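Hi,

Here is the model I promised to pass on. Have a look first, and my notes follow below.

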Amino acid sequence: MGDNFGIHRGQSKKAAETAEDRTQGQILSDFMMQLEDYTPTIPDAVTSYYLNSAGFEGADPRIVRLISIAAQKFVSDVANDALQHCKTRTNSAPSSGHGSSKNQNQKSSKDRKYTLTMEDLQPALNDYGITVRKAHYFV
């Protein structure tokens with residue numbers, strides 16, 4: 001086989017057959033090996049601390065890393081949902097009314113910076129079954 005000069009061709013028939021022959025265990029094993037190279041946003045030490053405080057002893061660092069990735073995904077999903085709530089809330093609120101044109105309003109919405117507030121976080125967490133309430137002394 002010669003050099004293909006960077007041209008990628010579809011899988012050959014033999015390569016397709018070997019991909020089908022892989023079992024679920026081999027796919028999971030490959031995924032667990034890839035976890036060793038990935039560095040999640042939530043450090044393994046933080047995840048280990050909270051797992052240990054909950055009574056879980058994770059001897060395998062790949063399991064701790066897998067839980068770190070799951071926690072990262074959960075936090076990312078909640079933050080994204082809160083952002084969508086914030087955008088919906090700010091777009092449905094009446095504008096300050098200087099007769100701004102639609103183009104100017106659209107441009108300002110793209111450049112706008114959003115702040116995460118409990119008003120946006122509460123419904124986002126509620127979607128995941130987590131109820132958040134203000135303490136009685138803040139009401």
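Throughout, contact means heavy atoms within 4.5 Å. On that basis, residues 24 or more positions apart account for 76% of the contacts in the protein with a separation of 6 or more.

Before the details, some housekeeping. This is a predicted model, so local features need pLDDT of at least 70 and side-chain atom pairs count only at pLDDT 80 or more, while totals for chains, interfaces and linings use all residues. Residues are numbered from 1 along each chain as its sequence is written, and side-chain values use heavy atoms, with hydrogens and water left out.

The overall picture is helical: six helices and zero strands, running α-α-α-α-α-α from the N terminus on. Helices (H or I, at least four residues) and strands (E, at least two) are DSSP runs, numbered from the N terminus. Of the 139 residues in the protein, 12% are buried. For burial I use relative accessible area: buried is under 20%, exposed is over 50%, and partly exposed is in between (1.4 Å probe, protein chains only).

Now the packing around H4. Helix H2 (residues 24-35) meets H4 with the axes 9 Å apart and an angle of about 85°, which makes H2 roughly perpendicular to H4. Axes here are lines fitted to C-alpha atoms, for helices over the stretch in contact, and angles run from 0 to 180 degrees between N-to-C directions. Under 35 degrees counts as roughly parallel, over 145 as roughly antiparallel, 65 to 115 as roughly perpendicular and the rest as oblique. From H2 come Phe31, Met32, Met33 and Leu35, and from H4 come Arg62, Ile63, Arg65, Leu66 and Ile69. By class, that contact of H2 with H4 has seven nonpolar, no polar and two charged residues. (Ala, Val, Leu, Ile, Met, Phe, Trp, Tyr, Cys and Pro count as nonpolar, Asp, Glu, Lys and Arg as charged, and the others, Gly among them, as polar.)

Leu35 is worth a click. This H2 residue is buried, at 3% relative accessible area. Leaving aside neighbours within four places in sequence, Leu35 touches Arg62, Arg65, Leu66 and Ile69. Its C-alpha atom is 9.4 Å from that of Pro61, 26 residues away along the chain.

Helix H3 (residues 44-53) also packs on H4: the axes come within 9 Å and cross at roughly 95°, so H3 and H4 are roughly perpendicular to each other too. Asp44, Thr47, Ser48 and Leu51 of H3 make this contact with Val64, Arg65, Ile67 and Ser68 of H4. The residues of the contact of H3 with H4 divide into three nonpolar, three polar and two charged. And is Ser68 buried or exposed? Ser68, in helix H4, counts as buried, at 0% relative accessibility. Not counting residues up to four places away in sequence, Ser68 is in contact with Pro40, Ile42, Pro43, Asp44 and Thr47.

On to the largest nonpolar core, which has six residues: Val78, Ala82, Leu121, Ala124, Leu125 and Val132. (A nonpolar core is a set of buried Ala, Val, Leu, Ile, Met, Phe, Trp, Tyr and Cys residues joined through side-chain atoms within 4.5 Å.) Beyond four places in sequence, Val132 touches Met118, Gln122 and Leu125.

Last, the aromatics: there are two aromatic pairs. Rings of Phe, Tyr and Trp (its six-membered ring) pair if their centres lie within 6.5 Å; planes under 30 degrees apart count as stacked, over 60 as edge-to-face and the rest as tilted. Tyr49 and Tyr50 have ring centres 5.0 Å apart and planes at 80°, so that pair is edge-to-face; both residues are exposed. Phe74 and Tyr128 are edge-to-face as well, with centres 5.5 Å apart and planes at 75°. Phe74 lies in helix H4 (residues 61-92) and Tyr128 in the segment after helix H6 (118-126), so this pair ties together parts 54 residues apart in sequence. Phe74 is partly exposed, with a relative accessible area of 35%, and Tyr128 also counts as partly exposed, at 35%.

Cheers
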